[in-house]
Amino acid sequence: MDTVMEHDQASVTQFESMFLAALSFAYFAKTLSGSYMKSTITQLERRFDIPSYLIGVIDGSFEIGNLLVIAFVSYFGAKLHRPKIIAIGCFLMSIGTFLIAMPHFIIGRYKFETSIRSSVNSTNNLPPCPASSSDLLPAGDKSPVLPSAGCVRESSFSMWTYVLLGNVLRGIGETPVQPLGISYIDDYAREENAAFYIGCVQTISIIGPVFGFLLGSLCAKIYVDIGFVDMESILITPGDARWVGAWWLGYLIAGVITLLSAIPFWFLPKSLPAPVTQLDSKCSPEQSCFIRDSPHREPKYRPEEPTNFMEMAKEFLPSLKNLFGNPVYFIYLCVTIIQFNSLIGMVTYKPKYIEQHYGQSASKANFLMGVINIPAVALGIFSGGVIMKKFKLSIMGAAKFAFGTSLLGYFLSLFFFAMGCENSKVAGITMSYKGVDGMSYHERALFADCNSGCLCSGKDWDPVCGENGMTYISPCLAGCQSSSGSGKSTVFEHCRCVAAAAGAVIGPGPGNLTAAVGHCQDRQGCDRVFPYFLALSVISSFIISLGGTPGYVLLIRCIKPEFKSLALGLHTLATRTLAGIPAPIYFGAIIDTTCLKWGYKRCGGRGACRIYNTTAYRIVYLGLTLGLRTVSFFLCVPGFLLLRKHIRKEEKSALANGGSEVESLRKEEANSLSHDQFIRTLDCNPDRETRL
């Protein structure tokens, strides 16, 4: 008999390990592809010539996919074959990821806007300042250019729609992984293993974004049409506002990884034999200790009970009513929704903020996010669990700790306002052609006496750097009369606007000044501030993350155990619906208001932004992020009052049923939590604590 039990226990342990490995790999795949999406924000903007708010719509479409199915998957999926449902979800995620990459193979080669025209079979360029041209607009003329037949065909169905649909499919597929995976571990893992298993999964979910941003950094260095163009002939570099990396390559890699993660789940059973420690207890697999509304601990159902769809459907609305009738859960939900708005908007556009504000390339911004910020967050989450265990924080203590760390991180984040950079010196946009500072949002400001003899277009974005350290929108607007060299080594000569700004006499001659291809990189003050920005970013991310684990514990401990899966699913649903969907959209729309120069599509219409007002960008981005967190702090005050009232109510309720209940409840609140905080804290038999 003992031999049979040992054999069964060994089989259970084997399946536990298999499920742990499979779920960890699925977490890695989903977080890798999700973080890679964040890393390609600017690449997608430039490739499809769309503004930031549309990127926000694409990013939020992942949450729309979750919204469609998460409540039903969380509730009904817990009663069905959970491993196979997770496998189907991973398969859908991979299909969605492949769909995101598909436009690259349909849309054709990337053609960035440029005014530099090379003569046929010659290294000599045509004059950048033409006296007459049939295809260039006169200064100030805003007549539209008629699109070609190819433009009409291309614009009939926007290619970014495929990216949006693919991201929706990713969201649908990701839905069952967290609620069903975590609840499966908690239901069937042995008491002593559950905490370790959940800790492993959560750790892997942090490693995924690291590799996602590093993959984004690698792909951003590679030109979008690598292998099909001569890189020596490309005039732009990774730091240029028109550069587009091989964004599609990372999605193909992420899609393959996600597809592989689906395979192991097909070979796992629907359920496992209950561990010995659970069989000896009166608790069901779905039951754990919590802040109770009543002293009764009987579970509402057991996962192994026969499934009746109609009965489950009838129980759904009463279960929702019970959850939202819990004031602590409701306030917690409101606070996390507001804080997630701040967090998601900040994280979505942080790589772009580093690019635009501090003049870093997309590759470097993604690399820094992957190797500095994400590890700091992981360390903070882990340290938060260690602190809770060491100091044996109660539920109220956990709530105060989470609030304190969030408030400290908030005050540290205020210093970001002081770490600003000056705007780039761009003639006609951030300063006049004579070198006087002053913002201009009007196209006519691009024209001056020094380029009046040239028929230039104000819609071009083909920046050149003059010897005077000022950037000009194009060689034509810089008043350059001739050029030499080819490709990235092209030099524009006799640039009258460069000479005018330098105080020289306008026109060719001894006062001749030149301009080189590309944006001027002379923001020395910004380079000095950037390391301090990174250091403060790491410290504030670590401190805020310290409260992540205690905050999650509060969510688990304020609900009845039979509503565990539903409560987690609804929390995810609410935060993604009311934060994940709108936050990237309105953050992007507000960031768009700070754009100083928009690019234009080949077929007409406004494209992606080329340069932002650095000061305004910093104010709206940081102001919106910290403003939302300020609102959430005000909601925490009634939250603490309700939590204290709820705990006292439970103590009185337990007292009415005997002193043993009070002792059990107080011991429960004083018990420490490590990674076990995520789902289970104690065995439900109160005598077990005495034995330990």
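## Burial in helix H4

A residue counts as buried when its relative accessible area is under 20%. By that cut-off, and in what is a predicted model, helix H4 has these buried residues: Arg-82, Pro-83, Ile-86, Ala-87, Gly-89, Cys-90, Met-93, Ser-94, Gly-96, Thr-97, Ile-100 and Ala-101. An α-helix has 3.6 residues a turn, so residues three or four places apart point the same way.

The length of H4 agrees with its residue count, because 20 residues at 1.5 Å a residue should span 28 Å and the end C-alpha atoms of H4 are 29 Å apart.

## The chain as a whole

The protein chain holds 23 helices and seven strands. Of its 692 residues, 56% count as buried. Where contacts join residues at least 6 apart in sequence, 79% of them link residues at least 24 apart.

## Packing of H4 on H10

Helix H4 (residues 82-101) and helix H10 (residues 247-262) have axes that come within 8 Å and cross at roughly 165°. An angle over 145 degrees counts as roughly antiparallel, and H4 is therefore roughly antiparallel to H10. The crossing of H4 past H10 is left-handed.

On the H4 side, the contact is made by Ala-87, Cys-90, Phe-91, Met-93, Ser-94, Thr-97, Phe-98, Ile-100 and Ala-101. H10 contributes Trp-247, Trp-248, Tyr-251, Leu-252, Ala-254, Gly-255, Val-256, Thr-258, Leu-259, Ser-261 and Ala-262. By type, the residues of this contact are 15 nonpolar and five polar, with no charged residue.

## Val-177 and its contacts

Val-177 belongs to helix H8 (residues 177-188). Its relative accessible area is 0%, so Val-177 is buried. Beyond its neighbours within four places in sequence, Val-177 is in contact with Leu-23, Ala-26, Tyr-27, Lys-30, Ile-86, Cys-90, Met-93 and Ile-182.

Ile-86, Cys-90 and Met-93 in that list are also among the buried residues of H4. The C-alpha atoms of Val-177 and Ile-86 are separated by 5.5 Å, although the two residues are 91 residues apart along the chain.

## Two further buried residues

Ser-217 is found in helix H9 (residues 191-221). With a relative accessible area of 7%, Ser-217 is buried. Not counting residues up to four places away in sequence, Ser-217 touches Ser-363, Asn-366 and Phe-367.

Ile-559 sits in the loop between helix H18 (548-557) and helix H19 (564-580). Although in a loop, Ile-559 is buried, at a relative accessible area of 3%. A distance of 8.9 Å separates the C-alpha atoms of Ile-559 and Val-328, which lie 231 residues apart along the chain.

## Positive phi values

Most residues other than glycine have a negative phi. Lys-392 has a phi near 50°, a positive value in a residue other than glycine. Lys-392 is placed in the loop between helix H14 (362-391) and helix H15 (395-413). A relative accessible area of 53% makes Lys-392 exposed.

His-494 also has a positive phi, near 55°, and is likewise a residue other than glycine. The loop that holds His-494 runs between strand E4 (491-493) and helix H16 (496-501). His-494 is partly exposed, with a relative accessible area of 26%.

Definitions and conventions
Residues numbered from 1 in each chain as written. Predicted model: local features only at pLDDT ≥ 70, side-chain atom pairs only at ≥ 80, totals over all residues. Heavy atoms only, no water. Axes fitted to C-alpha atoms, helices over the stretch in contact; angles between N-to-C directions. Helix = DSSP H or I, 4+ residues; strand = E, 2+ residues; numbered from the N terminus. Parallel < 35°, antiparallel > 145°, perpendicular 65-115°, else oblique. Left-handed = near helix turned anticlockwise from the far one by under 90°. Contact = heavy atoms within 4.5 Å. Nonpolar A, V, L, I, M, F, W, Y, C, P; charged D, E, K, R; others polar. Expected span 1.5 Å × (residues − 1). Buried < 20%, exposed > 50% of the residue type's maximum accessible area, 1.4 Å probe, protein only.
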